[in-house]
Structure formats: C-alpha cells, structure tokens
Amino acid sequence: GMGYSQFALKNYKSSIATQQKVIDLHPTSPKVPDAMYNQANSQIQLGQVTNAKKTLRSLIEKHPNAEVIPSAQKRLKTLEALK
C-alpha cells in the first residue's frame, strides 16, 4: 500500500543524493558514470523525466567511453520517444 510507495520514493531521493556525493567528492573516479546512470534511473522512478534526460546526456557527453554508455544511450532513446 501507501507505506511501500512512500518508502520507495524516499529511497530514490536518498539514492540520488548519495550518487551526487560520489560525483561531487570524486569527480574523476571510475564510479562516476555508474553513479550518474543510477541517478538517472532514480529520477525516472520519481517521474523526473526531464532531469533524467539531462543526467543521461551529461553522462554520455562527459564519459563517452564508460562501460555504461550503451545502456545510457538506450535509456535516453526510450525517454526521448515518450511524449
């Protein structure tokens, strides 16, 4: 019921904050692309599609060779297909 969705929303929000910490504190870490991808996924779960698209575009632009890029590009395509 409601309890779970409240819990889930809180989790996604805190996940975004946690990933942001990784990105801010360790901008050159190889974990950053994954953190950004996770962030985008949490934003999607929260219905923040515009933010998710921004996060994914930024990820693709800044880390074009990251392992997660093919997934990020696929996800971005899917989001851009949504109207």
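Me: Which residues does Ile-23 touch, not counting residues up to four places away in sequence?

Reply: In this predicted model, Ile-23 touches Val-32, Ala-35, Met-36 and Gln-39. Contact here means heavy atoms within 4.5 Å. Ile-23 is found in helix α1, residues 2–25. Ile-23 and Met-36 are 13 residues apart in sequence, and their C-alpha atoms are 7.7 Å apart in space.

Me: Why is Ile-23 called buried?

Reply: Buried means under 20% relative accessible area. Ile-23 has 16% relative accessibility, so it counts as buried.

Me: Which residues of the largest nonpolar core touch the most other members?

Reply: This core has 15 residues, and those touching the most other members are Ile-23, Met-36, Tyr-37, Leu-56, Leu-59, Val-68 and Ala-72. The elements that give two or more residues to the core are α2 (32–45), α3 and α4 (69–81). Of these, α2 gives the most, with five residues. In soluble globular proteins, nonpolar side chains tend to be buried together.

Me: What makes α2 largely enclosed by the rest of the structure?

Reply: Ten of its 14 residues are buried, so α2 is largely enclosed. The buried residues of α2 include Val-32, Pro-33, Ala-35, Met-36 and Tyr-37.

Me: How do you know that the span of α2 agrees with its number of residues?

Reply: The expected span is 1.5 Å times one less than the number of residues. For the 14 residues of α2 that should come to 20 Å, and the end C-alpha atoms are 20 Å apart, so the two agree. After α2 comes Gly-47, whose phi is positive, near 80 degrees.

Me: Why is Lys-53 said to have no salt bridge?

Reply: A salt bridge needs a side-chain nitrogen of Lys or Arg within 4 Å of a carboxyl oxygen of Asp or Glu. The nearest side chain of opposite charge to Lys-53 is Glu-80, 6.1 Å away. Lys-53 is found in helix α3, residues 49–62, and it touches Leu-76, Leu-79 and Glu-80, not counting residues up to four places away in sequence.

Me: How do you know that the radius of gyration of the chain agrees with that of a compact globule?

Reply: A compact globule of 83 residues would have a radius of gyration near 12 Å; the chain has 13 Å, which agrees. Along its principal axes the C-alpha trace spans about 40 × 35 × 15 Å.

Me: What makes up the secondary structure of the chain?

Reply: The chain has four helices and zero strands, and its pattern along the sequence is α-α-α-α.

Definitions and conventions. Residues numbered from 1 in each chain as written. Predicted model: local features only at pLDDT ≥ 70, side-chain atom pairs only at ≥ 80, totals over all residues. Heavy atoms only, no water. Buried < 20%, exposed > 50% of the residue type's maximum accessible area, 1.4 Å probe, protein only. Lys, Arg positive; Asp, Glu negative; His and termini not counted. Core = buried A, V, L, I, M, F, W, Y, C linked by side-chain atoms within 4.5 Å. Rg over C-alpha atoms; globule rule 2.2 N^0.38 Å.
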